[in-house]
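Here are my notes from an afternoon with this model.

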Amino acid sequence: MAFIELRGVTKRHANGFEALRDISVGFVEGSMTFLTGHSGAGKSTFLRLLLRMEQATRGQVHVNGVNITQLPEARLPYYRRHIGAVFQDHHLLAGRSVFENVAIPLRVLGMPEKDLERRVRAALTRVGLLEKERLLPQHLSTGEQQRVGIARAVANRPLILLADEPTGNLDPELSRDILGLFEQFNQVGTTVIVASHDRELIEASGRRIIELSAGRIVHDSEDPRDESDAGDESGSAGIEVELERPDRPWDENERRVS
């Protein structure tokens, strides 16, 4: 069964433009996949649906057995805390140190300071920036700033890591370095989905590639979905049953979503 699955998903904006059209695709747990396609093909919308920053107009998005299109707003913070997101624009706070930028999501969660410091420094070590933890972002190179963004995304040890054009502003050598970081996180079990228009770079990786054009999938180098599971159309009641499982990651304090 796919860990992440989109079933007949269409996203239509208020102006009538369809950013995604009838998308059905699955991702196995612990996999690493690239989304590619021209500007406007639907890559960013795809990732935003997984983050539940946008809602599908039609269809369902399932993550670990839960139809997230039906998750109440109150449950979204529990869901998102287990997803790391990296953007082309790093969204770093200029007046905060590297350490504090990485610590932001952990402080929001109320993590004890001792645990927070350990998590932040572990993440900075993984991206090779521990010695620069006290610097402000403007004192870092563009590649280093992107690494801070990655450290912030993985500091809470997410199950899923999403990246939207993370190498778009980098030269080829730095791009390969950043890609190598995503591969490292994937090797320890994180499910990674990266949106990128750099075909040469992603084809060299040997990973699964899904190509979008005008909101549709026009090529998929691998489809891991188990079609025998595709008929499960469970609604909110199904979500409540699934959230009873002790390994449900986005509902640590409450057992039900409603």
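Two strands pair if DSSP finds at least two bridges between them. Helices (H or I, at least four residues) and strands (E, at least two) are DSSP runs, numbered from the N terminus.

**Ground rules.** I am working with a predicted model, where local features need pLDDT of at least 70, side-chain atom pairs count only at pLDDT 80 or more, and totals for chains, interfaces and linings use all residues. Residues are numbered from 1 along each chain as its sequence is written, and side-chain values use heavy atoms, with hydrogens and water left out.

**Hairpin.** I began with strand 4 (residues 58–63) and strand 5 (residues 66–67), which run antiparallel and are joined by two bridges. His 62 stands opposite Asn 67 in strand 5. The two strands form a hairpin with two residues between them, and Asn 64 in the turn has a positive phi of about 55°. On strand 4 I also found a pairing with strand 1 (residues 4–12), antiparallel over five bridges. There, Thr 10 has Arg 58 of strand 4 as its bridge partner.

**Overview.** I counted up the elements next: the protein has eight helices and 10 strands. Of its 258 residues, 51% are buried; buried means under 20% relative accessible area, exposed over 50%, and partly exposed in between (1.4 Å probe, protein chains only). For contacts (heavy atoms within 4.5 Å), I looked at those with a separation of 6 or more, and 70% of them come from residues 24 or more positions apart.

In which order do the six strands of the open sheet lie? I read it as 6-7-8-3-9-10, with mixed pairing. The edges are strand 6 (83–87) and strand 10 (216–220), each of which pairs on one side only. Neighbouring strands of this sheet are turned by 20° against each other on average, direction ignored. For all angles, axes are lines fitted to C-alpha atoms, for helices over the stretch in contact, and the angles run from 0 to 180 degrees between N-to-C directions.

Helix 5 (residues 142–154) packs on the sheet and touches strand 6 and strand 7. Its direction makes about 165° with that of strand 6.

**Strand 3.** I then followed strand 3 (residues 32–36) through its neighbours. It runs parallel to strand 8 (residues 191–195), with four bridges between them, and parallel to strand 9 (residues 208–213), again with four bridges. Leu 35 has Ala 195 as its bridge partner in strand 8 and stands opposite Ile 210 in strand 9. Thr 33 stands opposite Arg 208 in strand 9.

Is strand 3 enclosed or open? Five of its five residues are buried, so strand 3 is largely enclosed by the rest of the structure. In a regular strand the side chains alternate between the two faces of the sheet. Here both faces are covered, with Met 32, Phe 34 and Thr 36 buried on one side and Thr 33 and Leu 35 buried on the other.

**Helix 1.** Helix 1 (residues 43–51) lies across strand 3, strand 6, strand 7 (160–164), strand 8 and strand 9, and runs at about 150° to strand 7. I noted it as mostly covered, since seven of its nine residues are buried. The buried ones are Lys 43, Thr 45, Phe 46, Leu 47, Leu 49, Leu 50 and Leu 51. Just after helix 1, Arg 52 takes a positive phi of about 60°.

**Helices 3 and 4.** Last, a helix pair. Helix 3 (residues 98–108) and helix 4 (residues 113–126) pack at about 125°, with their axes 9 Å apart. The two are therefore oblique to each other: angles under 35 degrees count as roughly parallel, over 145 as roughly antiparallel, 65 to 115 as roughly perpendicular and the rest as oblique.

From helix 3 the contact takes in Val 98, Phe 99, Val 102, Ala 103, Leu 106 and Arg 107; residues of helix 4 in it include Leu 116, Val 120 and Leu 124.

I finished on Arg 107, which sits in helix 3. Arg 107 is partly exposed, with a relative accessible area of 36%. Leaving aside residues up to four places away in sequence, Arg 107 touches Phe 99, Glu 100, Glu 113 and Leu 116.
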